[in-house]
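Here is a friendly tour of one model, with the cut-offs stated along the way. Please take a look at the sequence and structure first.

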Amino acid sequence: MNLLQAFKMAWKSIWGKKGRSVLTILGIFIGIAAVMTIVSVMEGMKEFTRQQYAAMGSNRITVSIWSMQYDEHGNSIGGKDYFPDLYEYCNSMKDKVVGVTPEGTVNATVVYGTKSSANMEYTWDEQGNLKGDVPPNLVYASDQYSVCSNLTLVKGRDLAYLDMTNYNQVCVLGAQAARTFFGSANPVGQEMQVNGNPFTVVGVYASRLSEKSAGNNTLDNFIAFPYTTRRVLGGEAPTRFTIKAKPNVDLNKFIPTIGGFLKGLVGNGYDVSSENQFQDYQNEYLTQLSLILGGIAAISLVVGGIGIMNIMLVTVTERTREIGIRRAIGAQRASIVAQFLIEAAMLCGIGGLVGIAVGTAASVALSTVLVKITVYPPLWVTGAAFGLSVALGILFGSYPAVKASKLQPVEALRAD
């Protein structure tokens with residue numbers, strides 16, 4: 001018997017028992033679809049994370065200082081303002097550093113006209129889109145905030161060094177914050193109330209995200225103030241800073257240089273790390289999570305494989321007399337094994353194809369809803385899914401196939 005005949009006989013057997021075949025295939029396609037969906041969605045989340053970091057720029061170094069000051073009674077009186085020292089040090093290395101800025105936040109209420117950040121409410125619709133207005137993040141920044149955060153101006157001017165030294169009550173809006181408070185109007189020159197203090201809008205930053213995903217995002221939903229205005233708005237001295245190094249600078253060599261300066265400044269009360277490390281940690285976490293979830297989903301494949309073995313054993317029992325006739329007229333054991341393995345592989349292969357179709361559709365739908373990125377399963381995932389389904393058929397079909405080949409012709413012919 002050649003392979004073409006074996007495939008024809010396998011298809012005839014599968015088609016002849018359509019109901020049973022569908023139920024058998026069900027376990028395989030559910031497992032394949034689940035694994036593909038999990039892997040694809042996790043890849044989408046990694047891509048989303050990559051885009052977020054790319055939007056903020058590369059070669060960013062995060063510095064944290066937690067050195068505190070105490071009064072004569074041992075009570076904490078907050079940390080010293082180390083930014084002027086760090087600012088001067090970084091600006092002395094123009095060959096390596098693009099800019100430096102604090103990352104302090106402001107706890108304040110912003111009001112313009114009838115819009116107040118204190119009254120803003122928002123919800124999520126069924127498609128995962130934001131409805132309503134999200135209160136903006138209020139950040140203390142230096143004149144180098146935009147270059148550190150990969151921002152470009154679309155209107156007005158940027159924060160200036162004199163804004164810090166003169167304690168100017170000005171601010172620059174992120175693209176989303178400008179839409180929230182001003183809609184399509186030009187905010188430049190307008191006055192906003194921040195905790196009752198007047199602040200003049202001097203500029204607006206362009207969105208860092210693509211037009212497709214810039215609708216209502218948090219990355220551009222901020223208002224930047226000169227960090228020295230904390231004298232008016234309150235807040236402790238900044239303890240977290242961002243340093244933007246030039247593209248040709250090796251961060252692995254440059255970070256120890258920053259650390260040496262900080263050690264002389266605050267002792268051991270500091271930490272220096274690159275955002276590449278955070279991205280690597282997050283990708284590693286997502287990879288581990290996908291392995292765990294994929295392993296759980298793969299259990300259904302094992303269950304489906306057991307179902308294949310069970311059905312093939314039933315098939316062997318039903319076709320015992322046929323096997324006896326074929327053995328009696330000279331069929332080799334290898335051809336009997338091949339026939340049943342091909343049938344099992346075809347069953348799983350069909351399940352794999354259905355699972356690939358369902359998994360692709362689910363991957364596209366979930367990635368679009370969850371991370372706003374349309375993700376199609378990588379070719380290697382599709383190929384691996386189909387190969388795995390066929391391999392499951394061969395693996396779990398081996399025992400019934402071997403059992404069928406061992407039937408003695410005389411005993412098989414006596415079967416009803």
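## A buried serine

S117 counts as buried because its relative accessibility is 12%, where buried means under 20% relative accessible area, exposed over 50% and partly exposed in between (1.4 Å probe, protein chains only). S117 sits in the loop between β4 (115–116) and β5 (122–124); helices (H or I, at least four residues) and strands (E, at least two) are DSSP runs, numbered from the N terminus. Beyond neighbours within four places in sequence, S117 is in contact (heavy atoms within 4.5 Å) with A108, T109, V110, P135, P136 and F181.

## About the model

This is a predicted model, in which local features need pLDDT of at least 70 and side-chain atom pairs count only at pLDDT 80 or more, while totals for chains, interfaces and linings use all residues. Residues are numbered from 1 along each chain as its sequence is written, and side-chain values use heavy atoms, leaving out hydrogens and water.

## Aromatic rings

There are nine aromatic pairs in the structure. Rings of Phe, Tyr and Trp (its six-membered ring) pair if their centres lie within 6.5 Å; planes under 30 degrees apart count as stacked, over 60 as edge-to-face and the rest as tilted. Y145 and F222 make an edge-to-face pair, 5.9 Å centre to centre with 70° between the planes. This pair links distant parts of the chain, 77 residues apart: Y145 in helix α4, F222 in strand β12. Both Y145 and F222 are buried.

## Helix α3

In helix α3 (residues 83–91), the buried residues are F83, L86, Y87, Y89, C90 and N91. Their cover includes β2, α5, β13 and α8.
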